Amino acid sequence: MSSGIPIIDLPKAVQPPFDDLPWAAVLDWLLGAPLRIVVTIVLAYVARRVVNRAINKAIEKSIERSEAAQAKRDHKRAKGMSANTVRERSRQRALTTGSLLRSIATIVIGTITALTVLELMGIPLSPLLASAGVGGVALGFGAQALVKDYLSGIFMILEDQYGVGDYIDTGEAVGTVEEVSLRVTRLRDFDGVVWYVRNGEILRIGNRSQGWSTVMVDLPFSYREDVDHVIDIIRLAVSAMDADEHWGPKLREAPSVLGVETITAGTVSVRVFATCAPNENWGLQREIRRRVKDAFDREGIAGPPLPPIGGTHTI
């Protein structure tokens, strides 16, 4: 039954040529380069996830082994650092190493993936690689200092030469480390000045917070006093510090009296030596002087003679 709408027959020349589309060729093209590009990107993503997961597992195991090893040692006496400090330094170094390895893996996988995709797209790589090589040489000459800074930063972190909170001497500046990056190290000195030191410019590092510090105090008294008696007083005064609840944990061993160091101008000096936790030597030196001074006062030990005031008058 007709609906009343006339049916217009288009000429065959203007009808959509669906029957003439090369579906087989389109399918072959879709299953060719585009599919390979998608597969390459997916494989790169999976490879990155697998590599990062492997790095994270390795870092976790490294931290666990380090904590287990540190738990078996007495760091207060062995290294002058608390177990928590040593453990935290090891953990931070492992995490920094893991971050660096993940960044390197991402760059390598990304570069290989980009080159593979460009090749699948039919873009010739020879001119591109040649241009990249020339650009890399020019960049290398222009960014030598930057590359040097980054390489030095990598080795400083991997070798644990210093960390945040350490008191170091870089030659250019002396102070406490506040931040360590791959390019620069930030220090704050005793005057509160912040120093930014490029890692590539650091030729030597003096770390005063790593391991332990030494305490060396010269204690003067009058030449007229009995040296053996004074040494016994000093030894008794300083030996009690090892059992003190405040100063004992900071000492690696009880202070020892080395003996007479100098004899000058009616003054005898006895030297006291000890090893302690990093950066605790200044406080221990002041405490040794205070204790010995109190002991001298109790025992009536005379101090060094006072220098003459004014000049002599002759008639």
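Biologist: In which order do the 3 strands of the open, antiparallel sheet stand?
Modeller: This is a predicted model, in which local features need pLDDT of at least 70 and side-chain atom pairs count only at 80 or more, while totals for chains, interfaces and linings use all residues. Residues are numbered from 1 along each chain as its sequence is written, and side-chain values use heavy atoms, leaving out hydrogens and water. Strands (E, at least two residues) and helices (H or I, at least four) are DSSP runs numbered from the N terminus, and strands pair if DSSP finds at least two bridges between them. In this open sheet the pairing is antiparallel and the order is S6-S8-S7.

Biologist: Which strands stand at the edges of that sheet, and why is one side of each left without a neighbour?
Modeller: Each edge strand has a single partner strand, so one of its sides has no neighbour in the sheet. The two edge strands are S6 (213-222) and S7 (256-264).

Biologist: How many bridges join S7 and S8?
Modeller: In this pair, Ser 256 has Phe 273 of S8 as its bridge partner. S8 covers residues 267-276, and its antiparallel pairing with S7 runs over 7 bridges.

Biologist: Which strands does helix H7 touch as it packs on the sheet?
Modeller: H7 spans residues 227-239, and its direction makes about 135° with that of S7. Contact means heavy atoms within 4.5 Å, and H7 touches S6, S7 and S8.

Biologist: At roughly what angle do the axes of H7 and H8 cross?
Modeller: H8 (residues 281-299) lies across S6 and S8. Among the residues that meet are Ile 233 and Ile 234 in H7, and Val 292 and Phe 296 in H8. Axes are lines fitted to C-alpha atoms, for helices over the stretch in contact, with angles from 0 to 180 degrees between N-to-C directions. The axes of H7 and H8 come within 9 Å, and they cross at roughly 130°.

Biologist: Let's move to the 5 strands that form the other open sheet; in which order do they stand?
Modeller: S2 (residues 174-180) and S3 (residues 184-188) pair over 4 bridges, and Thr 176 has Arg 188 of S3 as its bridge partner. The pairing in this sheet is antiparallel, and the order is S4-S3-S2-S1-S5.

Biologist: What is the mean pLDDT of the chain?
Modeller: pLDDT is the predictor's confidence in each residue, from 0 to 100. It stays under 50 over residues 10-19, whereas 76% of the chain's residues reach 70 or more. The mean for the chain is 78.
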